[in-house]
Each structure stands twice: as structure tokens, then as C-alpha cells.
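Work through the exercises below with the sequence and the coordinates open, and try each task before reading its solution.

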Amino acid sequence: MASASVESFVTKQLELLELERDAEVEERRSWQENISLKELQSRGVCLLKLQVSSQRTGLYGRLLVTLEPRRYGSAAALPSNSFTSGDIVGLYDAANEGSQLATGILTRVTQKSVTVAFDESHDFQLSLDRENSYRLLKLANDVTYKRLKKPADVLQHLPGRLPERSGFICAVAERTCHHPWTSWHWENHDCG
């Protein structure tokens, strides 16, 4: 496989990845602007009228907030939804239709509650009141985008020609998540 072929393939994949990411972000933005909150909840991408049931510090100083439906009955359950662990969500004050309070990652989803991890930086202090009502909205997931983009960027910037049956291409995708570029060394492994 010629180096130019690899470069053009990787360049095309990066362009397609950018287009897909932009389309997903635009779709989520369109939801917020054009669809009512109740309709978003019925589609399973928004949870309304949530209250804070607990807050604690998790790994790496992240703020873990557990939210559950406002208790009107003895055992309130979340409505049917498509939320799963790992989803990126926006937290909003239910009383204010405006901007989002924070962005977090769902770490746990049960029938009665969701737990969201918020990154606590030095200049960002999230203060949530247990008496307030909040809503969660599923946002575009950039984790998958970053995981796909990183190995493609590495392949695009490799000097020289890659051997036709090189195990290096397979290793790039695996190692980009675990090893920094500086620890790599070039080896031509025959994949078989």
C-alpha cells in the first residue's frame, strides 16, 4: 500500500468523521430549539423535574450527583428513556429555560435515579440545591469522535511509507489510547 494511498484514505476518513460530528451536534442543537421539553422526554433524550438526592466526590475529584424524579408518590420512577452509562448530558435548571449549568457524564442509570459525574475545575464550582428542580438533556457524544480521530491523526502524520502487511496500522488504533507517541518505536510486524 503506497504512502499516498494511506494518506488519502486517512484524510478522507477524517473529513467524514468531521461531517458526522457536525451533523450530530446540529441535530442536538435543533432539538433544543425546535422541540418542546415534553416531546424530548417522550423521545427518551430528556429527563424533566429531577431533584438532587445526593452529592459526593468521586475519582479524580469529580462531583458525583445523583438525581431522581420529584417525589409526588411513594416510589417515583424515571420515565422511559434512552440514557445509558457513558452518555454526555447537559444539566439545566428547570425554572430557567436558558443556558446549561454544566456538562457531565452519566455513570449510573437505574429505574429510579441517574448519577452524573461533573468535572470540578478550579474556576468552576457547581452548587446544586436539593429543593430546586433540574432537567437532563442528552448531548452529542464527543468521546467516540476523539477515539476515532486520534489514531487517524497519528496515521496521517507518519513519515515515509507503511509496509503493505504492516501490523503497525493495527497497533496505532490500540496504542493511541494507552501510550503517548514518544514511547512508540517503529517495528514492521507481519500480520500473517
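**Exercise 1: the faces of a strand**

Task: determine which residues of β5 are buried on each side.

Solution: Strand β5 spans residues 114-118, and five of its five residues are buried; strands are DSSP runs of E with at least two residues, numbered from the N terminus.

The model is predicted, with local features needing pLDDT of at least 70 and side-chain atom pairs counting only at pLDDT 80 or more, while totals for chains, interfaces and linings use all residues. Residues are numbered from 1 along each chain as its sequence is written, and side-chain values use heavy atoms, without hydrogens and water.

**Exercise 2: the partners of β5**

Task: find which strands pair with β5, and in which sense.

Solution: begin with β2 (residues 63-69), which pairs with β5 in the antiparallel sense over five bridges, where pairing requires that DSSP finds at least two bridges between two strands. Within this pair, Leu63 has Phe118 as its bridge partner. Next, β4 (residues 102-109) is also antiparallel to β5, over five bridges, and Leu106 has Val116 as its bridge partner. Finally, β4 and β5 form a hairpin, with four residues between them.

Conventions. Buried means under 20% relative accessible area, exposed over 50%, partly exposed in between (1.4 Å probe, protein chains only).
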